[in-house]
Amino acid sequence: MIILFDLDGTLIDSTDAIVSTFHHSFDVHKKEHPKDEEIMALIGYPLDIMYEKLGIDRGKVWDFVATYKERYREISTIKTELLSCAREAVEEAAKFAKLGIVTTKTGRYSKVLMEHFELMQHFEVLVGREDVEKPKPDAEPILKALEFFDVEGKEVWMIGDTKLDLICAKEAGVNSIGVLSGYDEEETLKKYTNIIYTNALEAIKHLKERKISHT
């Protein structure tokens, strides 16, 4: 079995880091700040799309992104926490499956975070925003991750907290599980998957039982 995890809202809570860094970038570029709720509603999308949806002109978006990344690199490990049961989920999953991470966060910073939490060693691959041309919900991030695995005869599952994760899974032709530890509501997730759990550990318990029943 191959299990791919999203990061934000699935394994980590970096809401504080993301929101505060967005406000920092609006300060630097002297633009009126969006509300916290507006920023949080867009978490999961690539940074350039988030800034566009927050009203920044396309021609200035990458200036904001550069400012964001510079600041985020400094504070990400300080202001990011593992979600409850995330460590147990990863460690349990590693006992019976090959693991990967598929995220719209910058892969370089994501690896630093997972190394900070001493979990990166459990993953065969981490696909971040800079590794693909088309991010979630396009299939490319998952298909890119699967290039690192022998998928012959193996079930592939994507675990994520937003519709972007689940649509990406569907487009890539893999199974999906929605978790309620992140940013989308249950009613939204139900539109894209029929398997939903409270958190990643509950999802992993489901997959472990499934693997046992199929052996």
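**Terms and their grounds**

Guide: The buried residues of helix α1 are Thr15, Ala17, Ile18, Val19, Thr21, Phe22, His23, Ser25 and Phe26. The model is predicted, and local features need pLDDT of at least 70, side-chain atom pairs count only at pLDDT 80 or more, while totals for chains, interfaces and linings use all residues. Residues are numbered from 1 along each chain as its sequence is written, and side-chain values use heavy atoms, leaving out hydrogens and water.

Visitor: How do you know that the length of α1 agrees with its number of residues?

Guide: The expected span of a helix is 1.5 Å times one less than its number of residues. The 14 residues of α1 (residues 15-28) should therefore span 20 Å, and the end C-alpha atoms are 20 Å apart, which agrees.

Visitor: What makes α4 roughly parallel to α6?

Guide: α4 and helix α6 (residues 107-116) pack at an angle of about 5°, with their axes 10 Å apart. Angles under 35 degrees count as roughly parallel, over 145 as roughly antiparallel, 65 to 115 as roughly perpendicular and the rest as oblique. Therefore α4 is roughly parallel to α6.

How values were computed. Helix = DSSP H or I, 4+ residues; strand = E, 2+ residues; numbered from the N terminus. Buried < 20%, exposed > 50% of the residue type's maximum accessible area, 1.4 Å probe, protein only. Axes fitted to C-alpha atoms, helices over the stretch in contact; angles between N-to-C directions.
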